[in-house]
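Biologist: Hi! Could you walk me through this structure in plain words?

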Amino acid sequence: MSEKWYPRRGPHVPISLSMEDHRPMYRQIESQLRDFILSGALRPGTKLPTIRALARDASCSVITTQRAYRDLEEEGLILTRQGRGTVVAEITEEKLRARRHEAVKAAFAEAVGTGRRAGLTGDELHAVLDETLQGDQTETGGDRL
Amino acid sequence: MTRGPIISLRDVSKSYGAFELGPIDLDVEPGCVVAVVGPVGSGKSTLLKMLMNLVPPDSGEVSLFGGAFPEDEVAIKQKIGFAPERATGYEDLSPRTLRELVSYFYPGWDQKAYEVPLSGTEIEEDRPFEALSSGTQRLLIVALALAAGSELLVLDEPTAGLDPFARSRVLAGISHFIADERHRNRTVVFATHAMEDVRLIADHIAFLVDGELLGLFETGALQERWTAFWPERAPEGDIPGMVELDSDDPVRIVSDSPGETAEALRARNIGVLRTGALELEEILSHLMRQRAEGRAGSPRARE
């Protein structure tokens, strides 16, 4: 659904809705926007498309984009001001770090689950983590988390 | 502007020989997209035709924009863009003539809306309609409905028989219709067999089976509620929320109350290898089976 028929005005966010993903479309929009915001790809203050423009871009319904924006607003990631549109919220570094930490924790929890089902003990899981870290060439210096 | 539902059906029924539609009660709120879904012969087209008064009901009330047929027929129809499954009366007309005719009758004609579904398709403007391919005919019928500048769009299988490119342009056309900046309370009702269309654009599903409306379901709520679990082993006895148990390896449970099901599995010390959302098609087939079992009075029928 990425072809465009109308010249686009205003801000654009590249949302792509997948038919492989069985979650509702608003969940897909939410998770893509959340990733862009938490990774810093969309900086605080960035103007987002209106719910109508976003619906036209993604070929979905207005109720879908409305729901996605409402949920993200409740999470504190975006802000809608009457007459001024929707922007990415000012998120403190502390909060950003906490959100990223949550994501990592969730990924680890899933990995631990996989390990447990494979019958690994805690020590063995630690060993797997060490092994993975040794194989990882990325140098982050630990300043992101 | 109309307050309350834009479409309201009360106790509406219609029978043709052995086929019986209804009694149907249905309210459609302005601003939303409703997909009418159901097996072949479930009454989808009849339901849509009732909205245009092409099929008058045997009993019950059909009301649109707060008015009724036949008193308010002209006023109602001016507010509806309708794309029937098959166009009759268009045979000898060329796309050019059709466009000129329809744009003349609808003061709110929206040329851009006409072009969205047709962009990318070569239209032979002066060929008679009946000589065009069936896909092109469909695109034209839908384009004319989209461009009528109406408040309500009623489409009977708008993407049937289209190639994937034309199909996504029709969906874009529907999306542009509903998300138009100038008309903020537009509503769409479309019949379809294409689950992808439903998932992408329908806020609600009106599910018809054998002439009975099983309900008006929120698409997202259905998708979030119905969940598949793959537990390590099959549980003994009944598990709350469990709608189906496939005990062949890998064991799979379908639940319409995932919270309860997960808790029950935890309580029995049964690990879950994987959970996942269900395809809409599978959810609808479960709803259909539950209805059949309810009818048969089976003990598996859920409240």
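Modeller: Happy to! Keep in mind that this is a predicted model. Let's begin in chain A, where Arg81(A) stands opposite Gly85(A) in β3(A).

Biologist: Okay, and which way do β2(A) and β3(A) run, and how many bridges join them?

Modeller: Strand β2 (residues 78-81) of chain A runs antiparallel to β3(A), and four bridges join the two. Another facing pair is Thr80(A), which stands opposite Thr86(A) in β3(A).

Biologist: What sits in the hairpin of β2(A) and β3(A)?

Modeller: There are three residues between the strands, and Gly83(A) takes a positive phi near 80° in this hairpin.

Biologist: What is the strand order in that sheet?

Modeller: The order is β1-β3-β2 (chain A), in an open sheet of three strands with antiparallel pairing. β1 and β2 of chain A are at the edges with a single partner strand each, so one side of each has no neighbour in the sheet.

Biologist: And how many bridges join β1(A) to β3(A)?

Modeller: Two bridges join strand β1 (residues 47-48) of chain A to β3(A), and these strands run antiparallel. Here Lys47(A) stands opposite Val87(A) in β3(A).

Biologist: Which residues of β3(A) are on the covered face, and which on the uncovered one?

Modeller: In strand β3 (residues 85-88) of chain A, Thr86(A) and Val88(A) form the covered face, while Gly85(A) and Val87(A) form the uncovered one. As a general point, side chains in a regular strand alternate between the two faces of the sheet.

Biologist: Nice. Which helix packs on this sheet?

Modeller: Helix α3 (residues 62-74) of chain A packs on the sheet and touches β2 and β3 of chain A. The direction of α3(A) makes about 110° with that of β2(A).

Biologist: How does α3(A) pack with α1(A)?

Modeller: Helix α1 (residues 25-38) of chain A packs with α3(A) at an angle of about 45°, and their axes are 8 Å apart. The two helices are therefore oblique to each other, and their crossing is right-handed.

Biologist: Which residues meet there?

Modeller: From α1(A) there are Met25(A), Tyr26(A), Ile29(A), Glu30(A), Leu33(A) and Arg34(A). They meet Thr64(A), Thr65(A), Arg67(A), Ala68(A), Asp71(A) and Leu72(A) in α3(A). By class, this contact has six nonpolar, two polar and four charged residues.

Biologist: Let's switch to chain B. How many helices and strands are there in chain B?

Modeller: Chain B has ten helices and 14 strands. Its C-alpha atoms fill a box of roughly 70 × 45 × 40 Å along the principal axes. Of the 303 residues in chain B, 42% are buried.

Biologist: What about contacts in chain B between residues at least 6 apart in sequence?

Modeller: Among those contacts, 69% join residues at least 24 apart.

Biologist: Is strand β3(B) covered on one face or on both?

Modeller: Both faces of β3(B) are covered. Val33(B), Ala35(B) and Val37(B) lie on one side, Val34(B) and Val36(B) lie on the other, and all are buried. With five of its five residues buried, strand β3 (residues 33-37) of chain B is therefore largely enclosed by the rest of the structure.

Biologist: Which strands pair with β3(B)?

Modeller: One is strand β8 (residues 187-191) of chain B, which runs parallel to β3(B) and is joined to it by four bridges. In β8(B), Phe190(B) is the bridge partner of Ala35(B). Another is strand β9 (residues 204-209) of chain B, which pairs with β3(B) in the parallel sense over four bridges. There, Val34(B) stands opposite His204(B).

Biologist: At what angle do α4(B) and α5(B) cross?

Modeller: Helix α4 (residues 111-118) and helix α5 (residues 134-147) of chain B cross at roughly 155°, and their axes come within 7 Å. That angle is over 145 degrees, so α4(B) and α5(B) are roughly antiparallel to each other. Their crossing is right-handed.

Biologist: Last topic: how many residues does the contact take from chain A and from chain B?

Modeller: It takes 18 residues from chain A and 28 residues from chain B. The largest share of chain B's side, six residues, comes from α6(B). By class, that side has twelve nonpolar, ten polar and six charged residues.

Notes: Residues numbered from 1 in each chain as written. Chains lettered and ligands numbered in written order. Buried ≥ 20, exposed ≤ 12 C-beta atoms within 10 Å, placed from the backbone. Pairing = 2+ DSSP bridges. Contact = placed C-beta atoms within 7 Å. Nonpolar A, V, L, I, M, F, W, Y, C, P; charged D, E, K, R; others polar. Axes fitted to C-alpha atoms, helices over the stretch in contact; angles between N-to-C directions. Parallel < 35°, antiparallel > 145°, perpendicular 65-115°, else oblique. Left-handed = near helix turned anticlockwise from the far one by under 90°.
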